[in-house]
Amino acid sequence: MPAQLTTIVLDCADPGPLAEFYRAVTGWKITSSDDDSAYLGENGVQLAFVRVPDYRPPAWPGSDKQAHLDFHVEDVELAVKRLLELGATKPEFQPGEGQWTVLADPQGHLLCLAA
């Protein structure tokens with residue numbers, strides 16, 4: 001049974017600002033947004049952000065991390081700088097011996113940047 005992935009949904013506290021953050025990361029358009037959810041994407045897989053009462057981000061490092069997003073960028077240092085300006089944080093723990101950089105988005109979801 002082949003199935004096509006259409007949407008990756010991230011639980012969060014506030015969908016609108018998180019969608020704006022990932023719009024800046026990906027350059028994708030926000031296709032739908034209301035108080036409880038926001039979607040962005042173009043021609044394929046979407047990212048969706050859904051409000052969850054009492055949302056708590058995963059700890060990093062920690063055993064409650066369930067998933068993270070990986071992004072390819074041309075210049076990791078420049079991308080990290082820009083995302084920090086947009087509200088991301090850079091955790092102290094950085095595995096991978098410099099092969100990628102781990103960041104947390106403004107609501108604590110983890111993402112990795114690699115060249």
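Predicted model: local features only at pLDDT ≥ 70, side-chain atom pairs only at ≥ 80, totals over all residues.

Reader: What is the radius of gyration of the protein, and what would a compact globule have?

Author: The C-alpha trace spans about 35 × 35 × 30 Å along its principal axes. For 115 residues, a compact globule would have a radius of gyration near 13 Å. The value for the protein agrees with this, at 14 Å.

Reader: What percentage of the residues is buried?

Author: A residue counts as buried when its relative accessible area is under 20%. The protein exposes about 7,400 Å², of which carbon and sulfur atoms supply 51%. Of the 115 residues, the buried share is 32%.

Reader: How far apart are the mean positions of the positive and negative charges?

Author: The protein has 8 positive and 17 negative charges.

Reader: Which peptide bond is cis, and where does its proline lie?

Author: The bond from W60 to P61 has an omega near -10°, and it is cis. As for its place in the fold, P61 belongs to the loop between β4 (46-51) and β5 (69-72).

Reader: N43 is not a glycine, yet it has a positive phi; is N43 buried or exposed?

Author: The phi of N43 is about 50°. N43 sits in the loop between β3 (37-41) and β4. Its relative accessible area is 85%, and the cut-off for exposed is over 50%. N43 is therefore exposed.

Reader: D54 also has a positive phi without being a glycine; in which loop is D54 found, and is D54 buried or exposed?

Author: The phi of D54 is about 60°. The loop that holds D54 runs between β4 and β5. With a relative accessibility of 74%, D54 counts as exposed.

Reader: Is A88 buried or exposed, and which residues is A88 in contact with beyond its neighbours within four places in sequence?

Author: A88 lies in the loop between α2 (76-85) and β6 (101-104). Because its relative accessible area is 7%, A88 is buried. Leaving aside neighbours within four places in sequence, its contacts are F21, L83, L103, A104, D105 and P106.

Reader: What distance separates the C-alpha atoms of A88 and L113?

Author: Along the chain, A88 and L113 are 25 residues apart. The separation of their C-alpha atoms is 12 Å.

Reader: Is S37 buried or exposed, and which residues is S37 in contact with outside its neighbours within four places in sequence?

Author: S37 belongs to strand β3. Its relative accessible area is 15%, so S37 is buried. With neighbours within four places in sequence left aside, S37 is in contact with P15, S32, F49 and V50.

Definitions and conventions
Residues numbered from 1 in each chain as written. Heavy atoms only, no water. Rg over C-alpha atoms; globule rule 2.2 N^0.38 Å. Buried < 20%, exposed > 50% of the residue type's maximum accessible area, 1.4 Å probe, protein only. Areas by Shrake-Rupley, 256 points an atom, 1.4 Å probe, with all protein chains shown as cover. Lys, Arg positive; Asp, Glu negative; His and termini not counted. Charge placed at Lys NZ, Arg CZ, Asp CG, Glu CD. Helix = DSSP H or I, 4+ residues; strand = E, 2+ residues; numbered from the N terminus. Contact = heavy atoms within 4.5 Å.
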